[in-house]
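This report goes through one protein model, from its strand pairing to its side-chain contacts. The sequence and the coordinates come first.

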Amino acid sequence: AAVINPSTLLCKTPAWKNCLEHGTTSVLVQELPSRTVLYRNFTSNVSATCRLTTNRVNFYSSWSHVSPTSAPFKGGSVITVHGFGFSDRSSYQCDFQFSSGVASFVSTQLLMCISPASNISGTEISIIEDERIVSYMGGGNQLVFESQWNSIGTPVVLAKGGSNVTVRGQGFAEPFYDCVFLPLHGGSVKIGVGQSFGEDAIICKLPVWDLPAGKVKLG
């Protein structure tokens with residue numbers, strides 16, 4: 001314990017391993033080696049120790065960051081919350097500002113949430129424990145929603161070039177994309193122009209293609 005002034009001592013809490021549930025403990029302030037210190041007239045030349053025996057100190061859970069920090073617009077991704085002092089006797093929620101869901105207890109340092117479907121590009125996350133906001137310690141409370149594609153609407157096209165290849169997905173925000181055509185078994189990579197139609201479709205123009213098959217990647 002450090003002497004701040006004649007009426008105040010500063011004690012630092014130790015690491016508290018019994019964090020499976022919220023709890024309180026107590027503090028007895030003693031001069032070394034054993035005399036009890038009065039609640040006044042502390043002197044700077046006196047060493048003191050804080051022992052957890054009387055007078056309550058509350059320990060509480062906290063969290064620092066989530067991983068990953070991005071998720072698809074469609075939702076359904078596992079988001080891990082990293083922190084300390086979580087309890088399997090408490091109930092938790094992940095609050096995404098526009099939506100909230102249950103956070104599952106994994107360990108005293110981990111919770112697991114499922115990302116919601118979103119039509120916005122990003123949000124801040126808050127963690128709720130038994131209807132109380134868990135203290136955020138800083139490190140990353142932002143979740144970014146990203147576009148993704150999942151299917152090709154026109155898998156068979158003419159190889160002469162100029163045909164349309166429809167790529168379907170979610171969250172396409174840019175007006176134009178590079179459609180990269182990759183040969184399956186070696187050969188030159190071809191790049192075509194893709195134009196978005198709404199947030200769920202991109203029309204790619206197929207370049208001249210002299211191979212029987214290939215793969216599409218958006219750039």
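What follows covers the sheet, the disulfides, the aromatic pairs and a surface patch.

The model is predicted: local features need pLDDT of at least 70, side-chain atom pairs count only at pLDDT 80 or more, and totals for chains, interfaces and linings use all residues. Residues are numbered from 1 along each chain as its sequence is written, and side-chain values use heavy atoms, with hydrogens and water left out.

**Sheet**

Strands here are DSSP runs (E, at least two residues), numbered from the N terminus. Two of them pair if DSSP finds at least two bridges between them. An open sheet of eight strands, with mixed pairing, has the order 13-12-8-9-10-7-5-14. Its edge strands are strand 13 (132-133) and strand 14, each of which pairs on one side only.

Ile79 stands opposite Cys113 in strand 10, Asp95 stands opposite Ser126 in strand 12, and Tyr92 has Ala103 in strand 9 as its bridge partner. Strands 8 and 9 form a hairpin with four residues between them, and Gln97 in the turn has a positive phi of about 75°.

Burial is given by relative accessible area (buried under 20%, exposed over 50%, partly exposed in between; 1.4 Å probe, protein chains only).

**Disulfides**

With a disulfide taken as a pair of cysteine sulfur atoms within 2.5 Å, the count comes to two. One joins Cys94 to Cys113, with an S to S distance of 1.5 Å. This pair links distant parts of the chain, since Cys94 is in strand 8 (residues 92-95) and Cys113 in strand 10 (residues 110-114), 19 residues apart. Both Cys94 and Cys113 are buried.

The other disulfide is formed by Cys179 and Cys204, whose sulfur atoms are 1.8 Å apart. Cys179 lies in strand 18 (residues 176-183) and Cys204 in strand 20 (residues 201-205), 25 residues apart. The link of Cys179 and Cys204 is left-handed, with -65° about the S-S bond. Cys179 and Cys204 are both buried.

**Aromatic pairs**

Rings of Phe, Tyr and Trp (its six-membered ring) pair if their centres lie within 6.5 Å; planes under 30 degrees apart count as stacked, over 60 as edge-to-face and the rest as tilted. The structure holds four such pairs. The rings of Trp63 and Tyr136 have centres 4.8 Å apart and planes at 40°, so this pair is tilted. Trp63 lies in strand 5 (residues 62-67) and Tyr136 in strand 14 (residues 135-136), so the pair ties together parts that are 73 residues apart in sequence. Trp63 counts as buried because its relative accessibility is 1%, while Tyr136 counts as partly exposed at 34%. Phe73, Phe98 and Phe145 are linked into a cluster by ring pairs.
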